[in-house]
Amino acid sequence: MIGLALLIECHWKSGRFNGLGPGGAIAINLCGGFVLAVWLLSDDLTLPLRGQILLWFLVLVLIGLSLLEGLDHLRNDTTDKK
């Protein structure tokens with residue numbers, strides 16, 4: 001996850017997102033949320049229902065937080081250019 005943030009920093013420095021700034025935080029949260037979702041979708045887990053609900057809630061929080069951070073960053077980026 002952090003490796004993806006470092007790749008963003010290395011290859012797209014001049015873009016709107018910096019790797020370990022908001023773009024890196026978004027990448028790490030999205031990767032964590034998607035990996036956790038894939039793990040939960042595999043039927044190899046023997047978690048109680050309460051644990052599965054908690055982990056699905058965490059998936060929603062991570063992906064939702066990433067979306068909110070991205071929208072906020074894009075909104076602030078367009079208002080700064082005016």
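Reader: Which residues make up the largest nonpolar core?

Author: A word on the source comes before the reply: this is a predicted model, in which local features need pLDDT of at least 70 and side-chain atom pairs count only at pLDDT 80 or more, while totals for chains, interfaces and linings use all residues. Residues are numbered from 1 along each chain as its sequence is written, and side-chain values use heavy atoms, with hydrogens and water left out. A nonpolar core is a set of buried Ala, Val, Leu, Ile, Met, Phe, Trp, Tyr and Cys residues joined through side-chain atoms within 4.5 Å, where buried means under 20% relative accessible area, exposed means over 50%, and partly exposed lies in between (1.4 Å probe, protein chains only). Here the largest such core has five residues, namely Leu36, Ala37, Leu40, Leu55 and Val59. Helix H2 (22–41) and helix H3 (49–80) each supply at least two residues of this core, and the largest share, three residues, comes from H2.

Reader: How many helices and strands does the protein have?

Author: Helices (H or I, at least four residues) and strands (E, at least two) are DSSP runs, numbered from the N terminus. This protein has three helices and zero strands, so that its elements, read from the N terminus on, run α-α-α.

Reader: With which residues is valine 59 in contact, leaving aside its neighbours within four places in sequence?

Author: Contact means heavy atoms within 4.5 Å. With those neighbours left aside, valine 59 is in contact with Gly33, Leu36, Ala37 and Leu40. For the protein as a whole, 46% of the contacts with a separation of 6 or more are between residues 24 or more positions apart.

Reader: Where is a salt bridge formed, and how far apart are the closest N and O atoms?

Author: A salt bridge is a side-chain nitrogen of Lys or Arg within 4 Å of a carboxyl oxygen of Asp or Glu. A search of the whole structure finds one: aspartate 72 forms a salt bridge with arginine 75, and their closest N and O atoms are 2.6 Å apart. Aspartate 72 is partly exposed at 33% relative accessibility, whereas arginine 75 is exposed, with a relative accessible area of 52%.
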